[in-house]
Amino acid sequence: MVLQISLFEYFGRFIVTRNAMSRFLDELSRASDKNIIVDFKGTEFISRSCADEYIRRRIIFKKNITEINVSPTVLSMFKLVRSQYKKNMGLTA
């Protein structure tokens with residue numbers, strides 16, 4: 001079974017605090033579904049700290065996560081965080 005989650009319904013247009021993202025990911029990790037679609041439709045902004053938390057935790061999840069409807073703004077923040085991981089820690093996120 002596949003679980004699809006709308007971040008807009010959870011956060012609204014802006015995802016701004018690491019703590020909020022952490023709580024969301026805690027709930028996501030407890031989901032029984034192994035395949036999860038995270039829908040970014042309507043999400044206009046994600047802070048650097050939220051993007052960092054999302055990517056860092058996504059790496060260690062034991063679930064298949066697919067992101068859809070990711071705006072160019074959010075995608076740019078993810079790319080920034082990934083490039084910092086690669087540069088600072090030699091990780092491939």
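**Close-up 1. The largest nonpolar core of this predicted model has 24 residues.** Met21, Phe24, Leu28, Ile46, Tyr54 and Phe78 touch the most other members. Helix 1 (7-11), helix 2, strand 3, helix 3 and helix 4 each supply at least two residues of this core. In soluble globular proteins, nonpolar side chains tend to be buried together. Now look at Ile46. Leaving aside neighbours within four places in sequence, Ile46 is in contact with Ile15, Met21, Ala51, Val74, Met77 and Phe78.

**Close-up 2. Three strands form an open sheet in the order 1-3-5.** The pairing is parallel. Strand 1 (2-6) and strand 5 stand at the edges. Each has a single partner strand, so one side of each has no neighbour in the sheet. On average, neighbouring strands of this sheet are turned by 20° against each other, direction ignored. Strand 1 and strand 3 pair over five bridges. Gln4 stands opposite Ile37 in strand 3.

**Close-up 3. Helix 2 covers residues 18-30.** Its 13 residues should span 18 Å at 1.5 Å a residue. The end C-alpha atoms of helix 2 are 19 Å apart, which agrees. The buried residues of this helix are Ala20, Met21, Ser22, Phe24, Leu25 and Leu28. Among them, Met21, Phe24 and Leu28 also belong to the core members with the most contacts to other members.

**Close-up 4. Helix 3 (residues 48-60) lies across strand 3 and strand 5.** Helix 3 runs at about 145° to strand 5. From its first C-alpha to its last, helix 3 reaches 19 Å. That is close to the 18 Å expected for its 13 residues. Buried residues in helix 3 are Cys50, Ala51, Asp52, Glu53, Tyr54, Ile55 and Arg57.

**Close-up 5. Gly42 lies in the loop between strand 3 (35-39) and strand 4 (45-46).** Phe61 is 19 residues away from Gly42 along the chain. The C-alpha atoms of Gly42 and Phe61 are separated by 24 Å.

**Close-up 6. Ser71 sits in the loop between strand 5 (64-68) and helix 4 (72-89).** Ser71 has a relative accessible area of 19%. Buried means under 20%, so Ser71 counts as buried. Apart from neighbours within four places in sequence, Ser71 is in contact with Thr43 and Glu44.

Definitions and conventions:
Residues numbered from 1 in each chain as written. Predicted model: local features only at pLDDT ≥ 70, side-chain atom pairs only at ≥ 80, totals over all residues. Heavy atoms only, no water. Helix = DSSP H or I, 4+ residues; strand = E, 2+ residues; numbered from the N terminus. Expected span 1.5 Å × (residues − 1). Buried < 20%, exposed > 50% of the residue type's maximum accessible area, 1.4 Å probe, protein only. Contact = heavy atoms within 4.5 Å. Core = buried A, V, L, I, M, F, W, Y, C linked by side-chain atoms within 4.5 Å. Pairing = 2+ DSSP bridges. Axes fitted to C-alpha atoms, helices over the stretch in contact; angles between N-to-C directions.
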